[in-house]
Amino acid sequence: MRWTQTLLTTLREAPAEAEIASHQLLLRAGLARKLTSGLYTFLPLGLRALRKVEKIVREEMDRAGGLEILMPALQPPELWERSGRIEAAADVLFHVKDHQDRRWILGPTHEEVVTALVAGEVQSYRQLPRTLYQIQTKYRDEIRPRFGLMRAREFIMKDAYSFDADEESAKKSYEAMTQAYRKIFERVGLGAMQVEADTGVMGGASSHEFCVVADIGEGELVTEEGGSYAAAIEKAVGRPAERKGGEGKLEKFPTPGIRTIVDLEKKHGVVAQDQIKTLVFTNGKETALVLVRGDDEAQEAKVQKVLGAGFRVAVDAEIKAAMGASPGSLGAVGSTLDGKKLLVVADLALKGQKGMATGANDNGFHFKGVDVEKDLKVDQWVDVRKVRDGDLSGGGKRLKVSRGIEVGHAFLLGTKYSEALDAKFLDPQGKQQVAVMGCYGIGVTRTLQAVIEVHQDKDGIRWPASVAPYTVMLVTLDLADPAVKAATEAVIASLDKAGIDYLWDDRDERPGVKFKDADLLGFPWRVTIGAKSVAKGGVEVKCRRTGTMEMVTAADLGGWIRNKLSA
RNA sequence: CGGGCCGUAGCGCAGUCUGGUAGCGCGCUUCCUUGGGGUGGAAGAGGUCCCGGGUUCAAAUCCCGGCGGCCCGACCA
């Protein structure tokens, strides 16, 4: 392809809206353009890269036994009512109305549709297992679209769904898919980590996220130094550093004006880890207290798992009404909770602790010398704390908290959807059974941007060859020179013969402009043809990744690059 | 939804405080120049100053109300 015949405009400066490197490069390198927040048009160059990612995804899905299908993006709400998710997923659903005022849903994911499909198609255990997948545009009414393609209202997802006759078999399908995922991310040049994850609104038995470690990542993940444990922060379990607290007698003491953990530490010398943080959660009807150590944070996903999905942090007015005191003076000392209908959940790190301090449910007063097990009214002991950097793992190793981009997610779903949508079959005994499901997503467009985020430097993108829009940037200088023209023709013939794709920068621009743009676009190899190189009897090949340069004869170029690609 | 910043040419921005001619750089068009890391010059094209209302002789600028964008948090591929 000739530059002068495609639609490609590079930007010297990044649009102000783009904050992170990959988003800026996406726009600067002419890969995509924004229509409006969270909606992007792929330009020819960006689409080529996207197609290459899709091709790799397809190849690995097929290799793992996946069957490609294509489902409608438009879905009837009745299906979502049957699965119960019309409520649970309400905030991400886009609704549209047709000419008769009937409502439709723009699919954010396809568990309902695919399960309904399988319910109709699969009648016998002989037809199982099956894994169906598609690569398709999804719609989610994101609270906050962000970072270009990272979190968009409309994005391309590869979603796969496995259907098995039993748990055992479902685990095998799950393993096959996660293995394919590892292969896919490796092939596109991403060192994605597989981490244990929370199942969230999807439901189900177990789940793994695939994360690319990056500072701009929106999620947090926990890894064990020198060990194999890896989990998403919502799910991760760790042990905080041992507390050196002493004992003491339960005693109420005045703490006028103290509202925070930090205040109590500063003004009364009670260090944060000797305090009990009392958080109030509500679902509008019921209220619950969540207790964590003063230096810990509650992990909301864990809290919701214990209390139920509808629970959220209560606002001040709700707290006052339920507790009779304001935030900063709350506590769960049994005697102060009389007559209050509250479920009290305490974090495991508090178990057995003595000599702690907590609010007295009386503004301006706290208790000290609290023996957690004796003095507090605790209904449930569970892990609800958020892991912190430096915590210890079960095996006693140090835990590290990093940021990550979630590029893929796998769920072992069980029978939640197959039961709701009647995906049943007859087993060898002629008995009716419910299919066991798994679902697996890869954010294809997000993956593309993650590749850019990971593979870039100050000059631009450094595409891995597997997904680069073109393998070669052919830069012709001295366009009018007949020898250069002949060499260019020879190079093109050689590349064509070797089946290597290239973009020919045939613009009448100065060398500096072309070199800068070649670096910005970042294809794996830049081939420069000018009077100088021709005089030396060849063309100059520069590797974008390493910066090394070599002279290669025009006729040999295709074979030379083919060689490098397979090396 | 809460908190912060911002809407002026395709992009990056100044001008707004202190009301009066709409500007700069990049990009774009034409010509000359230059020719291995964003050459230099000349002449041009391009604007509902986010929208609506108000104040005023006069509004990009002041006031009121909307809308939109970006960032931080809860949610997710």
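## Basis and domains

The model is predicted: local features need pLDDT of at least 70, side-chain atom pairs count only at pLDDT 80 or more, and totals for chains, interfaces and linings use all residues. Residues are numbered from 1 along each chain as its sequence is written, and chains are lettered from A and ligands numbered from 1 in the order in which they are written.

Chain A is assigned domain 1 (17-236 + 402-452), domain 2 (251-382) and domain 3 (470-566); such bounds come from an automatic or database domain assignment. The centres of domain 2 and domain 3, taken over C-alpha atoms, lie 68 Å apart.

## Helix H8

Helices (H or I, at least four residues) and strands (E, at least two) are DSSP runs, numbered from the N terminus. Helix H8 spans residues 300-307, and Lys 302, Val 303, Gln 304 and Leu 307 in it are buried. A residue is buried if 20 or more other C-beta atoms, placed from the backbone, lie within 10 Å of its own, exposed if 12 or fewer, and partly exposed in between. The cover over these residues includes strands E14 (276-282) and E15 (287-293). Just after H8, Gly 308 has a positive phi of about 125 degrees.

## Asp 362

Asp 362 sits in the loop between strands E18 (356-359) and E19 (365-370). Asp 362 is partly exposed because 18 other C-beta atoms lie within 10 Å.

## Surface near RNA strand B

Helix H14 gives the largest share of this surface, 8 residues.

Methods:
Two residues are in contact if their C-beta atoms, placed from the backbone, lie within 7 Å.
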